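Dear colleague,

Please find below the structure that I am handing over to you. My notes on it follow directly after.

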Amino acid sequence: MLAHDQDSLKRTPLYDLHVSLGGKMVPFAGYDMPVQYPAGVLKEHLHTRTQAGLFDVSHMGQIALRPKSGKVEDAARALERLVPQDIVAIAPGRQRYAQFTNADGGILDDLMVANFGDHLFLVVNAACKEQDEAHLRANLSDDCIIDSLADRALIALQGPKAEAVLAKFCAEAPGMKFMDAGPHEVAGIKCFVSRSGYTGEDGFEISVPAADAERLAKMLLDNPDVLPIGLGARDSLRLEAGLCLYGHDIDTATTPVEAALEWSVQKSRRSGGARAGGFPGAEKILAHFDGGASRRRVGLRAEGRAPVREGALLFADSAGGEPIGKVTSGGFGPSLSAPVAMGYVPVSLSALGTKLFAEVRGQRLPLAVATMPFVKNTYKR
Amino acid sequence: MTTTLYTSDHEWLAIDGDTATVGITDYAQQQLGDVVFVELPKVGRALKKAEAAAVVESVKAASDVYAPVTGEVLETNEALAAEPALVNSDAQGTAWFFKIKIADKSELGGLMDEAAYKAHTA
C-alpha cells in the first residue's frame with residue numbers, strides 16, 4: 001500500500017539530491033518532496049532569515065503564453081479575461097502576482113505572471129497546474145500558444161545572503177529589483193531569473209532546464225551560507241510573511257477582497273478603471289470592492305504559547321456562542337518564537353487588536369487580530 | 001531500583017514502586033522534530049490507559065501523548081512549559097512529562113522492555 005503510493009508519486013529533477021542530503025521525503029501535491037533535512041524545520045527557517053536557503057519548487061507549474069500575433073500585449077489582453085489583474089501594464093522584465101478567478105468570484109489558483117518581452121511566463125501551484133493549463137487552453141487558445149514547460153526545474157534562493165551568492169554565477173542578479181524577471185544566464189546555463197519568493201525575504205527564483213538543475217543546485221549549495229530548506233520551513237516562512245497558501249487561505253469560495261488581496265487588483269480593472277471587469281466573477285468581486293465583503297482574512301497572534309492550527313474555530317467570546325470564523329493557516333513562527341495564524345472573521349471583528357478566541361482541544365485560547373506580515377519583509381525595491 | 005518500560009506509541013515509563021514517570025522516547029522526538037510546545041495534564045486528573053494525556057507540538061504538527069497505564073497524575077514537569085526544546089535534547093531524562101500513580105500493575109504486562117522497544121523501532 002505504502003510502496004504503491006510512493007511509486008505513484010512524481011519526482012522533481014532534484015529528487016536524488018534531496019535523498020543524498022538526508023531529506024525526509026513526504027508526498028506533497030503528487031510529488032515526493034523533502035519536508036525537512038537533518039538540520040530540522042526550526043534551523044532551516046532561521047537560517048533562511050539570517051543567511052540563505054535553497055528550495056526545490058520544481059513541482060510548481062511553469063507555463064509560457066506565446067501570442068499568436070507575436071505581440072506580447074495580445075497575450076496580456078487575453079490573460080486579462082481570466083484574472084482581475086492589469087497584465088497589459090506589466091513592463092518587459094517585470095512580474096506581478098495574480099489570481100485565476102471563477103464565475104462566483106472565487107479563486108481557482110494564484111500565480112505569478114512575468115513579461116519576457118515576446119511572451120508571458122506563468123508560475124502556478126503544483127496541485128492546480130493541470131487544471132490551470134486546461135483553463136488556459138479552453139479560454140486563450142485563439143490568441144495564444146499555451147506551452148507547458150515541463151522540462152524545467154524551479155529553484156528558490158532566499159534570504160539576506162541570496163544576492164551575494166547568486167552574484168557569483170549571474171552578473172545581472174545584484175542589479176535586479178523586487179519582481180524583476182527575465183532570461184539570464186546562471187553559471188552559463190540559460191535560466192529565467194526573478195527577484196521574488198515565498199518567504200518574505202529578499203531572494204530569487206530560478207527556472208532552469210531539468211538536465212542542469214542538479215548541477216546548479218549543487219553549485220549554490222557549495223556556498224557555506226546556503227542550506228537546503230524543506231517544505232516545513234517553506235510553510236513557516238510564508239506564514240510569518242503573511243502570504244496565502246492556495247487551498248488553505250484562499251480557494252474557490254474566497255474572493256480576492258475577502259482574502260485581503262485588494263493590493264493585487266490594480267485600479268484599471270476595478271469599477272471606473274480603463275478596463276474595469278471583464279474577468280470571471282467580476283460582478284461579485286467588484287461588488288466586494290465597492291460595497292465591502294462581509295468577511296476578511298486577518299492575521300492572528302495568540303496570547304499563549306500553544307500553536308493555533310488550521311481548522312481551529314474562532315469565537316468572539318471565551319464561552320458560548322457560535323463560531324465566527326476559522327483559522328486557515330497556523331503554527332509556530334520560529335522567528336517570533338510564538339504562535340502565528342491567519343483566518344477569516346466577520347469584517348466587524350477584523351480591526352487590529354480585536355480580541356478573539358480559538359478553540360484548541362476543547363479550550364478557548366485568547367488571541368488578537370494582528371498586522372501582517374508578522375515578520376517585516378526585506379524585499380529589495 | 002527503577003525499571004524502564006516502553007509503549008508501541010513511543011512513550012517510556014520509569015517504574016518506581018507504584019509510581020511511573022512518563023515521557024516520550026528519543027526515537028519519538030527525532031520523528032517529531034523541533035518541539036515548540038508541550039501541554040501537560042492537570043495534577044490530580046484520573047487518566048485511563050490509552051487516553052490522550054498530553055500534547056507535544058513541533059513547528060509542523062501536534063501529536064498526542066497517551067497514558068500508558070491507568071492512574072492519577074501526581075506531578076507534571078513544569079520545566080517543559082518554559083523550555084519545550086528539552087524534549088529534543090533530553091527526551092529520556094530531564095524532559096519527562098508527568099508522574100502517574102499506577103492503579104493496576106497488571107497493565108504493565110503489555111509493555112515492552114528496552115530490547116523489545118529497540119526491535120519495535122528498528
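In which strand of chain A is A:I63 found? A:I63 belongs to strand 4, residues 61-67, where strands (E, at least two residues) and helices (H or I, at least four) are DSSP runs numbered from the N terminus.

Before going further, please note that this is a predicted model, in which local features need pLDDT of at least 70 and side-chain atom pairs count only at pLDDT 80 or more, while totals for chains, interfaces and linings use all residues. Residues are numbered from 1 along each chain as its sequence is written, chains are lettered from A and ligands numbered from 1 in the order in which they are written, and side-chain values use heavy atoms, with hydrogens and water left out.

A:I63 has a relative accessibility of 2% and counts as buried (under 20% relative accessible area; exposed is over 50% and partly exposed in between, with a 1.4 Å probe and protein chains only). Beyond its neighbours within four places in sequence, A:I63 is in contact with residues including A:L120, A:F121, A:L122 and A:I146, contact meaning heavy atoms within 4.5 Å.

As to cavities, the whole structure contains three of 30 Å³ or more. A cavity is a set of points, on a 1 Å grid over the protein atoms alone, where a 1.4 Å probe fits but cannot get out; lining residues have an atom within 4 Å of a point. Grid points are joined across faces, edges and corners, and a volume is the space filled by probe spheres set on the points.

The largest cavity holds about 80 Å³ of space. Its lining comprises 13 residues, and those closest to the centre are A:Q95, A:F121, A:V123, A:S194 and A:E205. Strand 11 of chain A gives the most to this lining, with three residues. The largest cavity lies between domain 1 (2-60 + 151-240) and domain 2 (61-129) of chain A, because both give residues to its lining; the domain bounds come from an automatic or database domain assignment.

The second largest cavity has a volume of about 40 Å³. Among its lining residues are A:M33, A:F55 and A:R234.

Finally, there are zero disulfides over all chains, a disulfide being a pair of cysteine sulfur atoms within 2.5 Å. For A:C170, the closest cysteine sulfur is that of A:C191, at 8.0 Å, which is too far for a bond. A:C170 is buried, with a relative accessible area of 1%, and A:C144 is buried at 2%.

With kind regards

Notes: 1 Å grid on protein atoms, 1.4 Å probe; cavity = no way out; pocket = protein on both sides within 12 Å on 5 of 7 lines; lining within 4 Å.
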